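Thanks, everyone, for making the time. I would like to walk you through one model this morning, beginning with the sheet and its strands and then turning to the ligand.

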Amino acid sequence: MSTSLYPLASLPQIEKTPSREDGIPDGLEEELRAYGCKLIHEAGILLKQNQVAVATAQILFQRFWFVTSMKQFGIGDIGMGALYLASKLEECPIRIRDLINIYDLLLQRKAHIRAQAMASRLASTSAHPRTEFKYTPMSYFGNTFYELKDALVVAEMQILKRLGFNLTVVLPYNTLVNYLRVLGLTSREDVCTKAWGYLNDALQTPVYALYSVPTIVCAAILLTTRHLGIGLPSAPENCWWELFDAEWEDLWNVCGYIMRLYRERTSEDHTRVMGMVAKKGVRQWLEEHRPAGGEGH
Amino acid sequence: MDAVERANADRQKRWAKDQKIGEGTYAVVYRGREIATGRKVAIKKIKVGQFKDGLDMSAIREVKYLRELKHQNVIELLDVFSSKKNLNLVLEFLETDLELVIRDRSLVFLPADIKSWMAMTFRGLEFCHRNFILHRDLKPNNLLIAANGQLKLADFGLAREFSDPGYKMTCQVITRWYRPPELLFGCRYYSTAVDIWSVGCIFAELMLRTPYLPGESDMDQLRTTFRALGTPTEEDWPGHTKLPDYVPVGQFPKTPLRELFSAATPECLNLLTRCLTYEPRRRISAKEGLYHPYFSTHPYPTHPSKLPKPAAKMGSSLPLEELDGNTEPIGNGPGVKANPPNKLKRKLSSDDVNGSSRSIARRLDFTQHRPTAQ
Ligand SMILES: Nc1ncnc2c1ncn2[C@@H]1O[C@H](COP(=O)(O)OP(=O)(O)OP(=O)(O)O)[C@@H](O)[C@H]1O
Ligand SMILES: [Mg+2]
């Protein structure tokens, strides 16, 4: 019971997420979700946090946006809150101070990159002098620390509350190992590594809030075997994924989510997303892109 | 207010919070009721200090695990809602706990009563373990008792999932007197057996009416344990000398349990021994425990409704608010000697203002004959 009852988003939540309801386009929401997850991942590495806690945080983060709009909460704060909460859930708590410092460092670095990119875009012809990134540590008694701490505590509570206190998360790794065994692929180290990688990359997409673990694992195996040119029985009546009760259409959708992560992005795409880590940036973007017809909220 | 806020506000409106009935490390507990039905509940308000580091880990665990566990012998979480900065857990209201029952010297336990409490403990625990959840803080004070006598595992603030067997866990769990030797030796890879040891200690305490292994420090806990059960040999417990915090604490001989528990039947002693086995892997599991002959041999377990329980204090007319000020936090863990019998920390909760619980409570004395349930 405890291992199978993890919540998935409902159809209406998927068809119209709260952010979309607020006028944030599909693609942009997807980018912001991925970016928020990347920040969680990077913070996790800098904090030397356990992978289980980081993955759990990313899944909670993805679920959160099926019940809340990015206009209401920023992806930075919620990502930080998710990592904090997941670390407690997985019994590897991190110090609030360390987490805040790491997020501050990451965001300062991103802001620097963004400023550089914008500056070089303005001065596109002349070679723009690059400045080194220099991190200015904040003071514990300064406002930034308390503001971030406050945002973090609020985010943690909001995640709990908005997910209806349902914190069950199931990670896909054990399932992958079992499926590879059934398919007789355990000896292929390249298969294991690649599939494992796809499962990790998938953490940057909403799929863990949309599909069951078996479906996601099958999608990772599908991508892997196609990529490595390994043939598995795929003729109708005798498809390998049916062994694991997965549906072709779902597999295909999951693969689509993962593949979209690898799409080429322009530097404008990057800077746009970086500017929307806080809800302030999202609101500003919405202001600037208000539909002419005035049907926005 | 968006949909989530509205749903939360609606949930909050279902419950009325009345007077405070207790306070734990991370929560204040209020008596409450369901507005529509008048059903009595306990509302546990988690303190979220402004200067603290967000939500307490125990609170998060408690919500997480109680949400998943629904069983007659596990306390029921009826609802959760948040109010501004606080988290509120709505729990079924429970009259008393096993610690108070054990300490109430006016109550006499029949072997069948002890069997009944043990059976309910094993059932609740088997359910947790079947769902891959370790309780990690079993002690009489965390076994709450409902008005109908059903015993319920409560206080999941230290609970943990164990689906991943190779996962390192903290050994700083379980109140000292109920903590198994592998944890005292710093073992970080442990499992369901830790809860079984605690159950063994509770079992012994039910028979002795006083804590079985009351160590005064972690070191003394090992000494107390070995004094009671004999120092383990390499054969009793292979590899224990290699555990991270292993220290030799002296050689104590093994005295048969029969000497201390002279009135116990062979089945009873066998189950106790199987719970208090040094080698964690050889300790009985909760499931095996349920099928142990102890439970199927005579005398049969007392029906929960017929179990002894502390009488509600008669003639208490103080308003509860006034009593509030007198609720001293009474330690029940290490370092604290057994509580004086009438400083009952749960007394307030069993003193029903309407007196409805009084009719069920019964005081027993030695002369009274109680038929055992068949
Ligand atoms: N479900 C309940 N029904 C009735 N009273 C309760 C219930 N839960 C708790 N209480 C009362 O509230 C008190 C505080 O409970 P809580 O679980 O917060 O802390 P505790 O277990 O006593 O201490 P600690 O937090 O140190 O474990 C209890 O001692 C008990 O008197
Ligand atoms: Mg307690």
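Since I will be referring to strands by number, let me say that a strand here is a DSSP run of E with at least two residues, and that strands are numbered from the N terminus. Please also keep in mind that what you have on the screen is a predicted model.

In chain B, five strands form an open sheet with antiparallel pairing, and their order across the sheet is β1-β2-β3-β5-β4. Because β1 (15-23) and β4 (77-83) of chain B stand at the edges with a single partner strand each, one side of each is left without a neighbour in the sheet. On average, and ignoring direction, neighbouring strands of this sheet are turned by 30 degrees against each other. As for the pairing of β2 (residues 27-34) with β3 (residues 40-46) in chain B, the two run antiparallel and are joined by seven bridges, and R31(B) has A42(B) in β3(B) as its bridge partner.

Turning to ligand 1, which parts of the chain make up its shell? β1 and β3 of chain B each supply at least two residues, and β1(B) gives the most, with three. The ligand is surrounded by 15 residues, which by class are six nonpolar, three polar and six charged.

Taken alone, ligand 1 exposes 600 Å², of which the protein buries 87%.

Methods: Residues are numbered from 1 along each chain as its sequence is written. Chains are lettered from A and ligands numbered from 1 in the order in which they are written. This is a predicted model: local features need pLDDT of at least 70, side-chain atom pairs count only at pLDDT 80 or more; totals for chains, interfaces and linings use all residues. Side-chain values use heavy atoms; hydrogens and water are left out. Two strands pair if DSSP finds at least two bridges between them. Helices (H or I, at least four residues) and strands (E, at least two) are DSSP runs, numbered from the N terminus. Axes are lines fitted to C-alpha atoms, for helices over the stretch in contact, and angles run from 0 to 180 degrees between N-to-C directions. A residue is near a molecule or strand if one of its heavy atoms lies within 4 Å of it. Accessible areas come from the Shrake-Rupley method with a 1.4 Å probe; for residues, only the protein chains shown count as cover. Ala, Val, Leu, Ile, Met, Phe, Trp, Tyr, Cys and Pro count as nonpolar, Asp, Glu, Lys and Arg as charged, and the others, Gly among them, as polar.
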